[in-house]
Every structure is written in C-alpha cells, then in structure tokens.
Amino acid sequence: MLEAPDFEALLNRNPIDKRALWVNPPQGWRPPNDDIVMTCHWGHARQMREAGVRVAYGPEESRGLIGHGSGFQVAVMTHPKSRTEWLWMLKNLVGTLLPDARIHCLGHKKSGIEGSIRQLRKQGLQAHKIDSARHCQVWQLEASSVPALQLGLSEWTLEWGGEPVRVAALPGVFAEGRLDAGSQLLLQTLSEHPLPAGRVLDFGCGAGVLTVVLARDERLVVDAVDVQWQAVECTRHTLAFNGLDAAVWPSDGLSDVDARYEAIVTNPPFHEHVKQTTAVTERFLQQVARHLKPGGRLRLVANAFLPYADLLEHEVGPFEVLAETPAYRVYEARHGE
C-alpha cells in the first residue's frame, strides 16, 4: 500500500480534475470537496468520518452510499500487496461507476501492479501507464473494458478436534484457504491448556477459525474483532456456516473494545501491507491489560524471532511458553497475579 507522501506526490504529478471515488487511499490522506471514499480498513474509515469525509466501510456500504450509475466518471484506487484482493476490489468498484468511467490505479512496483494489469490486458482490459516515479506507477484503466471477474465469498473446510469446520474466504484475508502453522499451534494449546470459563475475545479474528473453535466450548462467551472488512464478514459467515453465535465487529486495535475478559486470544499480524512491523502488536500489548479481568489471561502466538517476551511481562504480567516450534511460540501471560 502507498504511504500518504507517495500518494500525494503522484496525484500532484497527475491531478484528478473531476469529482472522484477514492478506493483504499492511505491513512492520513483526505479527499477534496465532496468526493467519496471506500476503504476496507476500519481505523481509516473512522478517522475520515470524524473529519467529516463521506466514507463507506467495505463494498456493501459503498453500494448503499453511492448507488449504481452515481455519476462518477473517475475513480482512484491503490494496489494492495495481494493481486487477488486488487481484482476483488476492482470488481466491486466497476459496479458503482458509469460505463465510460476512467479508473486510475496507483501502486508501488513491488506490490505487483504491473503484473496485475498485464494479467487483465490478456482478457481485454484497456489500460496504459501514465506515470512512473518514486518506485511507483500510475495506470489508467477504461472501466467498460474490465473483464467479468468471478470473485466473491467462497468456502473451504478443515477438520479440527474430530469435527469439520466450514470456513468462509474473501480475497485479502490472512492465510486465505488454509490454516497457517502459527494458528495450528495456538489451537493445539486450547485442548492441552483449556482457557478459564467466561468471556473471551478473539483479537484479529481473520477468517474466523479460532472464533469457531472457541465458540464450540460451551463454557465460553466469545467476542471477535478485526480491522479489515473482509475478515469481519468472513468470521460472521464462518460462524453461520457452523451453526454458532458470537459477537463480531470491526475494531482498529482495541479502540472499539469496551469489555474486560477472562481471556484474550490472538495471532496478531506482523506485516502492514508489504512491510514487516511489530508496531500493531506492540500497541496491542500496551493496551491489552485494561481489557483483562484480574487474573485474566492473554494467549498469543508469534514468530519465534519476534521480541515480545519483555513487553509481555512488562505490560501484562508473568508469562510462560505453552508450546514452541523452531518457527513459532505460544505465550500465555496472566494479568494482576
């Protein structure tokens, strides 16, 4: 994803002269006039709403806010690190534009923007590069030439604890179509080291696999949050596929979480777009203690090389390693003990 300075620089070189629909612009950037923004990041959506911007969180809100044939002749979208996610975004975008609309796509070269355009050109997309600067590219696409894209909610199945788990999938959700090794290790600890009964939060719920396993434990009342629109939708559908209930809502970190829990369980991200970073998890660890009841537990899986041990002990409390492989560790820290 482009950072705001690169995004601004590219727009200064290639000004947009008409009212536009902006899709997933970078954090901190604001659109001109009465333009509309569509973003799949809850934190960005909330910040823009607080600044008075007309913003839709996810494509469903976008269709409701904009409507079909809204008069938009120009859209500006960024290219994420996932090509499939970009194709999915493009499919949702085209349905809100006039047939003769132009789409400006901006992205870092390392995001794969040129390969994505090349793939669709083979299917008839009319597109040409209009700029290349700051290791980024700007492409102009003709909306009427975007081919039909069969992308939407899908489903896959895994078996856990002797029972099938039906899992919803959308482009851009972490580990789409598979259970990653870190989550597998975390799930194993739930049977070997059961959580205390009570209210539990799945932080960064992704596709909802962990949420389902927690919700199958009748001793637990489960909440689940994620910042990404696709993840929130997937978790809701995954629960429904498996006949289970849990409260699921968007939250940027813990900013939209008010409750205190007997346990919080997480496989937190350490990438933001194409960059490796521990900032999201560090911020989470600095805030999590206020959401744990006295004696409450934080169970976290992370890559073994990530430096969370000191921060865990300082911000939450004494911890132990419940499970470990050469690649991953599952930590459990107890608050107020």
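**Close-up 1. Strand E4 and strand E5 side by side.** In this predicted model, strand E4 (residues 74-78) is joined to E5 by 5 bridges, and the two run parallel. Between E4 and E5 the chain passes through helix H4 (residues 83-94), making a β-α-β crossover that is right-handed.

Close-up 2. Within the pair, His-104 stands opposite Gln-140 in E7. Strands of a sheet pair through backbone hydrogen bonds, in either the parallel or the antiparallel sense.

**Close-up 3. An open sheet of 7 strands.** The strand order is E12-E11-E10-E13-E16-E18-E17, and the pairing is mixed. Strand E12 (247-250) and strand E17 (319-324) are the edge strands, each pairing on one side only. On average, neighbouring strands of this sheet are turned by 20° against each other, direction ignored.

**Close-up 4. Helix H8 against the sheet.** Helix H8 (residues 229-241) packs on the sheet, where it touches strand E11 (220-226) and E12. The direction of H8 makes about 170° with that of E12.

**Close-up 5. Strands E16 and E18 within the sheet.** Strand E16 (residues 292-303) pairs with strand E18 (residues 328-334) over 7 bridges, in the antiparallel sense. Arg-299 stands opposite Glu-332 in E18.

Key. Residues numbered from 1 in each chain as written. Predicted model: local features only at pLDDT ≥ 70, side-chain atom pairs only at ≥ 80, totals over all residues. Heavy atoms only, no water. Pairing = 2+ DSSP bridges. Helix = DSSP H or I, 4+ residues; strand = E, 2+ residues; numbered from the N terminus. Axes fitted to C-alpha atoms, helices over the stretch in contact; angles between N-to-C directions. Contact = heavy atoms within 4.5 Å. Right-handed = clockwise from strand over helix to strand, strands pointing away.
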